[in-house]
Amino acid sequence: MTQNLAPKLFAYTDGACSGNPGPGGWGALLIARDGDRVLKERELSGGEADTTNNRMELMAAISALESLSRASEITVVTDSAYVKNGVTGWIHGWKRNGWRTADKKPVKNVELWQRLDEAQARHKVEWRWIKGHAGHEENERADALARAGMAPFKPAKAAP
């Protein structure tokens, strides 16, 4: 009897900002794998004219999850401790406290945290943190997508 195992799905996400706040971009690389074999890849990116790095990190994860047309089992790999710690830990207290922090202040980027919470609720998500800019091929590709997403929003450099 052979098992028909579904491919493993991964999303590598990253955000970038030129100035903080400033022009920013996000990128997500989605990969379906069967063991070491890549079955399918999809690249996503976007940006905003005036944003922060944390907002772009959140948008990368949100966009990856929202891009999935059906409920999926997925591993989201991020180099953002803010996203990983927020979505696996802090968010539970924030929701209990009416989207307020432990010291009763409003949660920063609340609309994005709520959107991420809703996006992940449709899926079975495993969150992994990796060190950024450490030569991890898929993370470097997500970083390049984030920088490409930011490019249209960066002011043109003056000619010499």
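**View 1. Lysine 95 and its partner aspartate 117.** Lysine 95 is partly exposed, with a relative accessible area of 41% (buried means under 20%, exposed over 50%, partly exposed in between, using a 1.4 Å probe and protein chains only). The side chain of lysine 95 forms a salt bridge with aspartate 117 (2.9 Å, N to O); the term stands for a side-chain nitrogen of Lys or Arg within 4 Å of a carboxyl oxygen of Asp or Glu. This pair links distant parts of the chain, with aspartate 117 in helix H3 and lysine 95 in helix H2 (residues 81-96), 22 residues apart. Helices are DSSP runs of H or I with at least four residues, strands are E runs of at least two, and both are numbered from the N terminus. Aspartate 117 counts as buried, at 17% relative accessibility.

The model shown is predicted: local features need pLDDT of at least 70, and side-chain atom pairs count only at pLDDT 80 or more, while totals for chains, interfaces and linings use all residues. Residues are numbered from 1 along each chain as its sequence is written, and side-chain values use heavy atoms, leaving out hydrogens and water.

**View 2. Arginine 115 meets glutamate 66.** Their side chains form a salt bridge (2.8 Å, N to O). Arginine 115 sits in helix H3 (residues 110-121) and glutamate 66 in helix H1 (residues 53-66), 49 residues apart. Arginine 115 is partly exposed at 34%, and glutamate 66 is partly exposed at 37%.

**View 3. Aspartate 103 with lysine 105.** Here the salt bridge is 4.0 Å, N to O. Lysine 105 is exposed, at 53% relative accessible area. Elsewhere, salt bridges that share partners join Glu41, Glu43 and Arg141 into one network.
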